[in-house]
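The entries follow the order of my reading.

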Amino acid sequence: MDRKLGIMLFAAVMVFSLSCSGCGKKQEDLNTISVWHWMIDRNKALEELAAKYEQQTGIKVKIDLFAPSEAYTQKVVASAQAKVLPDIYGILDKKEIFSAFIKGGFIADLTPDFKANNSEWENWFFPKALDVNRFVEGNVYGVKPGIYGVPLDVTNIQMLYNVKLLKKAGVKAPPQTFSEFLEAIQALKRVGVSGLVSGWGELWMLDCFSSNYAFNIMGEEKIMATYRGEVPYTDPDWIKVLDVFKQLVDKGALLEGVVTKANKYAEQDFALERAAFAFNGSWCVNVYNGMNPSLEYGVMLPPAINSNLPMKIWGGAGSSLVVNNMSPRKDKAIAFLKWLSEKDQQTYLAKETKNLPSNREALAEIPEVLSSFASVMDQATHPTFWALNEDPIVSEVFLKGIQSILIGEKTPEQIAQEVQKVKQEQLSKKKK
Amino acid sequence: MSVVATNPTHLKPRTLIIQDNLKNLSFIMPAVILFSIFYIYPFFEIFRLSLQDWNGISPDRSWVGLANFAELMKDKVWWTSVWHASYITLIALTFQNALAFALALACDRQIRMKKFYQVIFFLPPVLSEVVVGLIWQWILNAGVQGGQQIGILNYWLVQSGLPGLVNNWLSNPETALTCIAVVHCWKGFGWGFIMLLAGLQTIDHQLYEAAKVDGAGAWSTFRHVTLPMMLPVISVVVILTILGSMQVFVLIKAMVSQGLGYHTEVPVTRILLAMQGTNRFGYACSMGVTFGIILVCLSLLSKTFGSKTKQ
Amino acid sequence: MEGSRYKAIGVVKSVIIHSFLMSVALTCLFPLFWMIRCSLMTNQTVFTDKTLIPRDLHFSNYIQAWVDGGFGIYFLNSMVYTVSVVVGIVLVSSLAAYAFSRLKFPGKNFFFGMFLAAMMIPLPGSFVPMYVLMTKLGLANTRIGYILCMISVGLSVSILLLKTFFDKLPHDMEDAARIDGCGRLGIWWHVALPLARPALAVIVIFNSLNVWNEYILAYLLLNDTSLMPLQRGLMVFQGTYSVDYPILMSGLTIAALPIILIYLFMQQHIIKGLTEGATVQ
């Protein structure tokens with residue numbers, strides 16, 4: 001009995017290990033390109049385009065989707081270490097990490113392709129869309145200057161207003177300045193409507209909003225000087241930036257609970273007309289349309305505080321794909337990406353997914369709200385465009401500090417001091 | 001596996017013992033082999049990483065010795081996050097386990113609709129986090145629309161004439177963590193319930209009969225028969241509760257996102273932030289190792305505590 | 001007189017017990033009810049209709065969810081993974097737990113301590129070395145690799161739980177089997193496993209739920225969509241239908257159903273263990 005069971009178990013182990021060795025390496029297929037991406041909403045459209053591409057060229061494109069994006073990022077990081085990245089993939093991280101991928105030899109330099117025939121390919125795109133993937137001369141990351149990725153679409157993040165609710169409160173035009181905005185909030189309050197909603201439980205949304213006001217209050221030069229450590233966070237201008245949030249709280253401008261809201265819940269609130277204003281990106285057109293097709297809303301810039309400097313918003317490439325430098329199918333992968341950014345394919349993608357296309361000529365056939373998003377693309381900026389970025393440890397303290405202001409626990413001055421303290425620690429660490 | 005089973009019979013006792021040991025050892029071998037591959041190797045790699053400064057991708061990793069650990073010891077936010085997890089764990093240990101035990105005892109009796117309850121109590125662990133997040137967001141919502149509370153809890157408080165108690169449950173640092181702990185207990189008590197129920201089933205009913213014959217009341221039967229017999233299972237439940245609650249994370253993300261300053265940080269959110277937000281892989285690994293040591297200590301503590309009460 | 005008084009006390013007692021049980025049961029039932037209710041509505045009515053049971057029930061949501069989510073293949077994959085992982089864990093962990101509880105061998109405490117520690121030390125970032133190793137072994141992007149990985153994930157908790165139950169079991173039946181000439185493996189299979197049925201049921205439920213809801217490791221180890229488990233479908237589904245609640249809830253209900261069924265099936269064994277154990281004795 002004992003022996004019989006033992007033999008059975010032994011056999012099971014053998015079968016197990018045999019089946020392991022059975023699934024060894026497959027033959028490399030030079031005519032199949034594999035693409036890894038994280039964009040749930042674009043998967044169907046990409047698969048259809050891939051099928052079309054195979055019909056036209058005979059080259060098979062395998063599209064694999066890994067979502068949510070955290071899981072995707074893990075997969076890409078692990079695959080880079082195991083050196084099994086696919087032919088085409090995307091980097092969803094800060095520019096510093098992007099540069100680490102390039103320096104590790106995981107990403108192909110596409111500059112020669114973009115520049116060929118008098119920069120023919122480069123000229124298809126909005127310049128802003130390419131900036132995300134561009135490393136300029138003398139960049140702080142020590143990467144050879146050039147363009148390293150192909151943008152699929154562009155996006156930007158702005159404020160939205162509910163037409164019906166503003167009318168109900170007697171606000172005639174969407175506010176242009178911050179004081180007009182606060183007046184509108186009071187008017188809304190009188191008719192029992194909450195003001196602004198946004199997904200400020202997510203740190204990057206806070207980063208975006210505060211960065212907009214930092215640009216408006218002090219301009220890019222001073223921000224960069226702060227990052228270099230030349231201007232302290234205790235500077236009055238930075239306190240003014242933090243004070244924006246305090247004013248929003250003091251004037252009751254925020255829907256209760258924004259500080260712990262994920263953006264998807266904030267989107268739901270705006271779609272269900274629980275707040276008159278929202279701070280959200282151009283992808284929201286698709287979202288609101290799904291939740292409440294009869295929602296009447298318009299797009300506006302965040303109301304400016306300083307009339308001397310322009311309001312900047314975050315924008316640029318919504319998603320970009322890069323080519324694996326180690327792939328034996330590198331040229332085929334580049335050819336596919338080029339095809340994907342042609343006008344016809346871009347128009348198709350924009351129509352199917354209600355995103356702004358990165359190809360300028362494909363802009364013609366998009367909904368009205370989207371084109372008003374597109375109209376201020378010139379004012380878009382993004383951390384990936386800047387000469388340098390703040391140390392992530394410092395930004396974390398800064399953004400968490402804003403959350404403390406939002407729950408009325410600390411004052412802007414306190415936060416400024418705390419941030420400055422961490423900043424100095426990081427600076428002295430770097431000097432060592 | 002049973003290679004040693006085909007043996008000649010003239011062996012000395014000493015070899016017999018070795019053979020016996022080998023045979024016995026072969027029982028745990030499949031588990032040990034799987035473990036060495038999928039656990040021990042990554043563990044040593046992580047330990048090695050915790051002594052390095054690495055952003056997760058670049059080819060250069062610099063050796064920093066124990067610097068990551070030294071920094072972690074001084075990291076106030078980290079220790080606050082450990083305290084938050086401990087707070088949730090304390091509530092889970094008392095409230096959740098007491099509830100689970102009470103329910104298991106009730107379902108162990110001959111009562112009506114026993115089957116029904118048994119099925120129902122296990123629903124929360126089965127439900128997807130998405131549904132749990134959505135529902136509790138809705139219950140605890142603090143927003144007001146057209147003068148009416150959106151959240152069920154606040155709405156109900158207003159309706160029952162207690163508008164003074166209306167609260168911004170998830171965005172108030174005083175209540176947020178407790179709310180999370182309560183939802184965590186609600187989601188998790190089903191596990192304790194079925195384990196304790198399974199434990200109660202293995203108690204020999206003759207023991208109860210004997211206690212009855214001896215004239216023991218319900219309380220003293222519980223105190224002298226049920227509880228001692230259940231101690232091993234209870235200690236497993238306690239350990240699993242500690243592990244589950246200290247590592248709570250998905251629920252927090254579903255309920256408060258990354259929000260509320262540092263008031264809802266727990267070790268796992270810190271580790272993930274270090275890994276993906278600030279790209280400090282080495283530091284994240286040192287957090288993982290430290291956290292593991294804390295958990296091992298806690299479990300040992302609960303074990304010694306368990307064996308003390310047994311005596 | 002006396003009897004009726006006892007009866008009255010009994011009634012009061014059971015009313016108290018039942019109202020306690022009922023109130024807990026209601027909080028457990030409510031989310032399920034809400035999920036199913038939403039899944040039968042349309043996106044227009046889901047936010048506005050406040051009635052408890054909506055008038056028009058849209059069962060077609062389920063068909064749409066099944067077809068659009070492409071659940072067929074994922075469902076099949078998840079079943080394969082769940083069954084093989086659970087069988088693997090039950091065999092491997094019960095062997096080990098039995099040895100830890102009953103047999104003597106050198107290093108017993110060391111090995112047991114190792115499994116316990118493994119359960120407690122979380123390994124952030126272990127996905128990197130793990131994936132590198134799996135690629136070297138040729139196990140990346142294979143079903144078997146994922147299954148082995150998932151077996152090791154559930155192993156330590158299962159060993160701990162089973163050992164606790166084995167410790168509690170009386171020795172006399174095993175002694176009887178030994179006298180009958182049963183070897184160690186025979187006793188494990190014929191005596192120990194059937195006696196530990198309630199604990200095995202708990203382990204099956206625990207690990208099924210674990211595997212059924214897992215997606216992080218699946219993403220890491222698998223590339224081909226055709227190998228992916230159900231949660232992958234569900235994740236994509238949540239992204240696609242994040243704004244279409246009824247369809248989303250239909251999908252979530254479909255995904256939760258098999259686990260509820262497994263539980264329904266296994267929880268009988270939690271109780272059965274008692275009656276059968278009693279009859280044997």
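Helices (H or I, at least four residues) and strands (E, at least two) are DSSP runs, numbered from the N terminus.

I noted that this is a predicted model, in which local features need pLDDT of at least 70, side-chain atom pairs count only at pLDDT 80 or more, and totals for chains, interfaces and linings use all residues. Residues are numbered from 1 along each chain as its sequence is written, while chains are lettered from A and ligands numbered from 1 in the order in which they are written.

I then turned to helix 3 (residues 69-82) of chain A: its 14 residues should span 20 Å at 1.5 Å a residue, and its end C-alpha atoms are 20 Å apart, which agrees. The expected span is 1.5 Å times one less than the number of residues.

I found 10 of the 14 residues of helix 3 of chain A buried, so the helix is largely enclosed by the rest of the structure. Buried means 20 or more other C-beta atoms within 10 Å of the residue's own, with C-beta atoms placed from the backbone. The cover includes helix 4 (95-103) of chain A and helix 12 (267-277) of chain B. After helix 3 of chain A comes A:Lys83, with a positive phi near 55°.

Notes:
Buried ≥ 20, exposed ≤ 12 C-beta atoms within 10 Å, placed from the backbone. Contact = placed C-beta atoms within 7 Å.
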